[in-house]
Amino acid sequence: MLKRTLLLLCVLLIPTLLISAQDDASDDDLGSYLRLNSNFSVPEITGWDSTIEGETVLFSREDIDAQIYVRIVDTLDTDLAIEAAIADVGAITLETSEPILEGRIGRLDGTWNYRIFSDADTNISAYALLQSNQVYVVLFAEESPDYDAFHLAKRSTTNDPATAEDIANAVNPAVVEVVADLTGETISDPLSSRNPVESNALWIESSYDNDLTTASYYYTRENIIYVTVVEGNTDIAAELSDAFDSVFLGFVITPDNVEFLYLGLAFSVGIMLALIGSMWLRHQNLKKDMQVLEQLEADEA
């Protein structure tokens with residue numbers, strides 16, 4: 001009976017040990033990530049200063065007056081979470097609470113609500129995801145008088161582009177829609193287009209009239225085109241696109257399954273206790289049977 005009990009305890013501990021090993025392995029796989037809590041990590045951005053405080057990280061570039069801010073907010077309201085994130089970034093001065101554009105975009109990890117603000121030299125693009133009774137906010141803000149910049153995601157009407165021409169044919173209409181949504185302007189064909197990284201046909205930078213530049217990344221996994229629009233400083237469109245998209249598409253949220261773990265452990269303990277109780281009852285019944293047999297042997301003698 002003792003051996004069986006020890007065997008059951010070993011079987012019960014194996015899942016816990018495996019989970020611990022998986023956690024250790026996941027830490028090793030994160031690479032150059034900043035861990036904000038036990039289940040949320042954000043990729044680092046090359047060339048940006050980073051400040052981590054608790055469950056927040058602020059990436060900043062003083063030379064272009066730009067910040068990317070990531071925060072977890074304990075609320076169920078995405079609008080309130082975005083407001084809290086904006087108020088949290090001390091460098092931002094935003095006098096209006098009304099966005100120039102808002103909506104939602106469905107991604108593989110859930111539905112993101114976005115709000116875009118523009119007030120004098122301040123421009124903010126904020127995205128918020130409600131998951132596990134918390135809101136995850138990814139916010140881009142810039143207060144430079146030299147340019148205006150926004151980030152907006154648009155679902156593509158093209159599926160699985162096979163060639164560079166297919167990609168361009170999908171990206172160009174999306175860029176026209178994004179610019180119209182943000183500025184009310186109707187743009188024509190780009191004056192020039194290029195791939196910031198020659199080997200990556202999914203990333204396209206295009207220049208237009210009126211000192212307007214866009215950098216668009218076609219994320220085929222989600223069939224979404226992420227468009228960065230810059231008016232004024234045409235030299236930083238690809239850089240801002242790379243930074244924001246790296247954070248927005250690269251962060252990791254590990255589902256919090258601890259409740260299921262405890263439930264499974266409780267269920268396993270319950271089964272083990274039931275088996276131990278069953279073995280104890282069988283042992284007691286066996287003792288009674290032995291006593292009866294001994295009594296019968298005594299009577300026969």
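Here are some numbered notes on this predicted model, written as one colleague to another.

1. **Overall make-up.** Let's start with the whole chain. The protein chain contains 5 helices and 15 strands. Of its 301 residues, 39% are buried. The accessible surface is about 16,700 Å², and carbon and sulfur atoms account for 52% of that area. If you look at contacts between residues at least 6 apart in sequence, 53% of them join residues at least 24 apart.

2. In soluble globular proteins, nonpolar side chains tend to be buried together. Here the largest nonpolar core has 62 residues, and those with the most contacts inside it are Phe40, Val42, Phe59, Ile68, Tyr127, Leu240 and Phe248. Another core lies apart from it, with 16 residues that include Val73, Ile82, Ile124 and Leu139.

3. **Leu240 as a place to look.** Which residues does Leu240 contact, once its neighbours within four places in sequence are left aside? The partners are Trp48, Ile64, Phe140, Tyr147, Ala149, His151, Thr228 and Val230. One of these partners, Trp48, also has Arg61 lying over its face, at 5.7 Å from the ring centre.

4. **Strand β8 and its neighbours.** How many of the 10 residues of β8 are buried? The count is 8, so the strand is largely enclosed by the rest of the structure. On one pairing, β7 (residues 110–119) runs antiparallel to β8 over 8 bridges. On another, β8 pairs with β9 (residues 134–142), again in the antiparallel sense, over 9 bridges.

5. **Aromatic pairs around Tyr127.** The structure holds 11 aromatic pairs. Tyr127 and Phe244 make a tilted pair, with 6.0 Å from centre to centre and 50 degrees between the planes. This pair links distant parts of the chain, since Tyr127 is in strand β8 (residues 122–131) and Phe244 in helix α4 (residues 237–250), 117 residues apart. Tyr127 is buried at 1% relative accessibility, and Phe244 is buried at 2%. Tyr127 also forms a tilted pair with Phe248, at 4.8 Å centre to centre and 45 degrees between the planes. Because Tyr127 lies in β8 and Phe248 in α4, the pair ties together parts that are 121 residues apart in sequence. Phe248 is buried too, as is Tyr127.

6. **Ser216.** This residue is in strand β13 (residues 212–219). Is Ser216 buried or exposed? With 1% relative accessibility, where buried means under 20%, Ser216 counts as buried. Not counting residues up to four places away in sequence, Ser216 touches Val171, Val175, Leu202, Trp203, Ile204, Ile225, Tyr226 and Val227. Its C-alpha atom is 9.4 Å from that of Ala237, which is 21 residues away along the chain.

7. Strands of a sheet pair through backbone hydrogen bonds, either parallel or antiparallel. In this open sheet of 3 strands the order is β1-β2-β15, with antiparallel pairing. β1 (33–37) and β15 (252–253) are at the edges with a single partner strand each, so one side of each is left without a neighbour in the sheet. β1 and β2 (residues 40–43) run antiparallel and are joined by 4 bridges. Within that pairing, Tyr33 stands opposite Pro43 in β2.

How values were computed. Residues numbered from 1 in each chain as written. Predicted model: local features only at pLDDT ≥ 70, side-chain atom pairs only at ≥ 80, totals over all residues. Heavy atoms only, no water. Core = buried A, V, L, I, M, F, W, Y, C linked by side-chain atoms within 4.5 Å. Buried < 20%, exposed > 50% of the residue type's maximum accessible area, 1.4 Å probe, protein only. Contact = heavy atoms within 4.5 Å. Helix = DSSP H or I, 4+ residues; strand = E, 2+ residues; numbered from the N terminus. Areas by Shrake-Rupley, 256 points an atom, 1.4 Å probe, with all protein chains shown as cover. Phe/Tyr/Trp six-rings, centres within 6.5 Å; stacked < 30°, edge-to-face > 60°. Lys NZ or Arg CZ within 6 Å of the ring centre and 35° of its normal. Pairing = 2+ DSSP bridges.
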